[in-house]
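Please examine the sequence and the coordinates shown here before turning to the report.

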Amino acid sequence: MSEVFLPTLSQMGFLMLLIAIGYILVKAKAVPSEGAGLLSKLENYVFIPALVLGTFLKDFTVSKLSTAWQYVICGTVVVGISAIFAVFVSKLCSKDKYIQNIYTYGLSFANFGFMGNAVVQALFPEVFADYLIYVIPFWILIYVWGVPYTLMPKSENKKSVFSGLKNLINPMFIAMVIGIILGLTSVSLPNFICEVSDSGKVGGVVGTLGDCMSPVAMLLTGMTIAKINLKSAFTNVPIYVISFIRLILMPLATIAVLYFVDLPYGPQVWPLFPICFPA
């Protein structure tokens, strides 16, 4: 037990400290107000694409194709059920349409990107590539339905499938496709661009930028929290209900299903399900 608990506790402490630093920087006005927006753009346009590119380039081989489809199917089932469940529950928690949309988004996706990538990469590095494949359906649904239909104002909401599909053309998906192609073809890039060591560590520009993803994401999380009215947040009872459902009830239900149901996709997909609901 201690072999798993102590490293997990240590890593979570590391991530929480980074969040605290981001929070303090904003509260102390040590960074400009637009700092969070800049970090968010760096995450989405540079750090996450670099992490995805390096991971797929290193781990997405021909043999990976035999299991990749299983992860995609499992991810599709989980996010599909989560989204339907989220729409129903959000209507019970609030009568305000705007609040309903926020709850729907949170219950459907949680933070599997910034926080999920950081936690899984640190605690479960052996399945991180599988995790990235597994959450592909999550990203697709976010771009096609999540953001356009639940987070964007109605005046900016162009409700067409085509406009949603256009959102899939973004740095992360482009990096993923390039990484898959390079991984399958075993094409080697110059070492200063991307170098994979014998231990599996990704170096070069791609590796270095990818390593920035987790710490910057945690700093960004702290900076975002610093702008929230914590008193209002902590006294909002529906938030506790939504958090309990998302972080406790849904993972426990998933584990229960795994315990009683023999998945047809094989035991290799099981490690992903306990982490399919990152905070």
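**Confidence**

The structure is a predicted model. The mean pLDDT of the protein chain is 82, and 87% of the residues reach a score of at least 70. Confidence is highest in helix H10 (residues 204–211), with a mean of 93, and lowest in helix H8 (residues 161–166), where the mean is 65. Over residues 264–271, pLDDT stays under 50; for this segment the model has 15 contacts beyond four places in sequence.

**Architecture**

The protein chain contains 13 helices and two strands. It has 279 residues, and 41% of them count as buried. When contacts between residues at least 6 apart in sequence are considered, 79% join residues at least 24 apart. The accessible surface of the protein chain comes to about 15400 Å², and carbon and sulfur atoms account for 71% of that area.

**Individual residues**

The table lists relative accessible areas for selected residues.

| Residue | Relative accessible area | Class |
|---|---|---|
| Cys-74 | 3% | buried |
| Cys-194 | 5% | buried |
| Thr-55 | 8% | buried |
| Leu-247 | 43% | partly exposed |

Why does Thr-55 count as buried? The relative accessible area of Thr-55 is 8%, and the class applies because buried means under 20%. Thr-55 belongs to helix H2, which spans residues 35–59. Leaving aside residues up to four places away in sequence, Thr-55 touches Phe-60, Phe-128, Ala-129 and Leu-132.

How many disulfides does the model contain? A disulfide is a covalent bond between the sulfur atoms of two cysteines. With a cut-off of 2.5 Å between cysteine sulfur atoms, the count comes to zero disulfides.

**Nonpolar surface patch**

Which residues form a nonpolar patch on the surface? The patch consists of Phe-244, Leu-247, Ile-248, Leu-249, Leu-252 and Ile-255, and together these residues have about 540 Å² of accessible area. One of them, Leu-247, is found in helix H13, which covers residues 237–260. Leu-247 has a relative accessible area of 43% and is therefore partly exposed, since that class lies between the limits of 20% and 50%.

Key:
Residues numbered from 1 in each chain as written. Predicted model: local features only at pLDDT ≥ 70, side-chain atom pairs only at ≥ 80, totals over all residues. Heavy atoms only, no water. Patch = residues over 30% accessible without salt bridge, like charges linked within 9 Å, V, L, I, M, F, W, Y side chains within 5 Å. Areas by Shrake-Rupley, 256 points an atom, 1.4 Å probe, with all protein chains shown as cover. Salt bridge = Lys/Arg side-chain N within 4 Å of Asp/Glu carboxyl O. Helix = DSSP H or I, 4+ residues; strand = E, 2+ residues; numbered from the N terminus. Buried < 20%, exposed > 50% of the residue type's maximum accessible area, 1.4 Å probe, protein only. pLDDT = per-residue confidence, 0-100. Contact = heavy atoms within 4.5 Å.
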